[in-house]
Amino acid sequence: MDTLTLSEISKMLRISDHTARNRLSMGMPMPPSFRVGKRRLFIKTEVEVWLEAQKSGSLPPVPAMQKAAVNPIDAVRGGPPMT
C-alpha cells in the first residue's frame, strides 16, 4: 500500500500545506485520509479515485472516519449548538 503525506497531497492539489490542514479541520472536500500518530496519510489509490470523482462531478463513498464532517460555522463558534 503506497501512502502519501499531507505535503505530497498539497503539491498534487497545488495548495499550501496550511490550506490542506485547514480544509481537513473544517471538513471541506479533501481526499480520504487517516492518522498514524501525528502524521496524516493518504492512500495513493484512494487519492486517484477521489481526484477522478472531482473531475467528473460525482462523489466517491466517504470512509466512516470522515462522514462526521464539521460544520464550518460550528467550528468558528466552538462546536454545535447546545440543545
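I take angles under 35 degrees as roughly parallel, over 145 as roughly antiparallel, 65 to 115 as roughly perpendicular and the rest as oblique.

I am working on a predicted model, where local features need pLDDT of at least 70, side-chain atom pairs count only at pLDDT 80 or more, and totals for chains, interfaces and linings use all residues. Residues are numbered from 1 along each chain as its sequence is written, and side-chain values use heavy atoms, with hydrogens and water left out.

**Elements.** I looked up the order from the N terminus and found β-α-α-β-β-α-α. That gives 4 helices and 3 strands. Both are DSSP runs (helices H or I, at least four residues; strands E, at least two), numbered from the N terminus.

**α1 and α2.** I checked helix α1 (residues 6-13) against helix α2 (residues 17-26): the axes come within 9 Å and cross at roughly 100°. The axes are lines fitted to C-alpha atoms over the stretch in contact, with angles from 0 to 180 degrees between N-to-C directions. α1 and α2 are therefore roughly perpendicular. Leu6, Ser7 and Ser10 of α1 make the contact with Asp17, Ala20, Arg21 and Leu24 of α2. Contact means heavy atoms within 4.5 Å.

**α1 and α3.** I then turned to helix α3 (residues 44-56), whose axis comes within 13 Å of that of α1 and crosses at roughly 25°. α1 and α3 are therefore roughly parallel. Here Ile9, Met12 and Leu13 in α1 meet Val47, Trp50 and Leu51 in α3.

**Burial.** I noted that buried residues (under 20% relative accessible area, 1.4 Å probe, protein chains only) make up 20% of the 83 residues.

Definitions and conventions
Buried means under 20% relative accessible area, exposed over 50%, partly exposed in between (1.4 Å probe, protein chains only).
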